[in-house]
Amino acid sequence: MVKARPWLAPNAQAGSYALGMLGLEERKLLYQLARYVYTGTGAVVELGAFCGASTCCLAAGLRDNPRAGDQRVHCYDSFIANEPYLVDFIRTQFGEALDMGQSFATIFRRATGEFAHLIELHAGDLLEQSWPSEVPIEILFVDVAKTLALSGKVLTEFFVHLIPGKSLVIHQDFYHPTAFYLPVVMDFLMDHFTIIEAGRDWSVVFLLETVIPQEKLLAASRYRFSFAQQQAALRRMKRRVGMPGRDYLRLSECAAIGTHFGELRFRAALAAAIRRSRLETDQVWSDGLAWCSDFKALRIRTRLYGAPSLMPSPTVADKANLILSTVFSALAERIAPGAKPRRSV
């Protein structure tokens, strides 16, 4: 059924329109996967639920899927408003004032009340959570990998339970510039995956084809890739996803450059990415640009590594690679047919 891509049907439903940050296409994707693709062989696991929009779409799919049996959505989240944008969203969309560090679990329960019997909550810090070793996972929705530590936890605790030939991984932040490490990690693991959906809003869907060796998952979780390796991985992933994902990943590459080399390098890379893009009216592109407008290398280093000092410094080879790739990209831009005139950022 996955080959039919039911989420693209003209009459595809979303299952739920509960308040949240998910786009309409992502909602359709989650509902249709749970409704028509899910076989009941393994569990449905949601890592990062926020206020329950994705939870409701997955739960609605299970409700309407006769093969789901008594399966539930295993929902993981700290349910703590630990970022300003979360506090702002809850205030503007739900009309409730929260302080930083305050729980929004009550809001989640109210928003998902219709599906309470189809949800099993796992509240708390994901770094301290575990998954039963004997339970396979068929659908894994990942919207929690906001740091390298959390990304590593997802790999070592949940990817090991995926079912070859059946399990689906949905990376919700795949095209977000600040999560440039996600396409790098998935490139590293692509010998074992196939992309079955290259873009519904921010989300990309992967089908596990073969077992991933434990040592490879561990290497991916440690994320000890040089900048040159990360940039090469991002460029390979651009080719895999095609348009418009290719241009979305241009912004991810800019963020990787800025995180390693600072704001000046970031601005130069961003200017080049804007010149090359053909997505001036695309919403994901526009939202990515909005995020890029407030890029701060120190903030991203702190978020990813816990402290800027913990981030490995670029090597001489990394610096040389950046210079060479910038020169080659500039040459390619000059000779590309139909190139757009240069624009300022």
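Student: Is Phe79 buried or exposed?
Tutor: In this predicted model, Phe79 has a relative accessible area of 3%. The cut-off for a buried residue is under 20%, so Phe79 is buried.

Student: How are the planes of Phe79 and Phe108 arranged in their aromatic pair?
Tutor: Phe79 lies in the loop between strand S2 and helix H3, while Phe108 lies in helix H4, 29 residues apart. The two rings are 4.8 Å centre to centre, with 55 degrees between the planes. Planes under 30 degrees apart count as stacked and those over 60 as edge-to-face, so the pair of Phe79 and Phe108 is tilted.

Student: Which kind of pair do Phe174 and Tyr175 form?
Tutor: Their ring centres are 5.4 Å apart and their planes stand at 80 degrees. Because planes over 60 degrees apart count this way, the pair of Phe174 and Tyr175 is edge-to-face.

Student: Is Leu324 buried or partly exposed?
Tutor: Leu324 is in helix H13, and together with Ile323, Val327, Phe328 and Leu331 it makes a nonpolar surface patch of about 490 Å². Its relative accessible area is 49%. Buried means under 20% and exposed over 50%, so Leu324 is partly exposed.

Note on methods:
Residues numbered from 1 in each chain as written. Predicted model: local features only at pLDDT ≥ 70, side-chain atom pairs only at ≥ 80, totals over all residues. Heavy atoms only, no water. Patch = residues over 30% accessible without salt bridge, like charges linked within 9 Å, V, L, I, M, F, W, Y side chains within 5 Å. Areas by Shrake-Rupley, 256 points an atom, 1.4 Å probe, with all protein chains shown as cover. Salt bridge = Lys/Arg side-chain N within 4 Å of Asp/Glu carboxyl O. Helix = DSSP H or I, 4+ residues; strand = E, 2+ residues; numbered from the N terminus. Buried < 20%, exposed > 50% of the residue type's maximum accessible area, 1.4 Å probe, protein only. Phe/Tyr/Trp six-rings, centres within 6.5 Å; stacked < 30°, edge-to-face > 60°.
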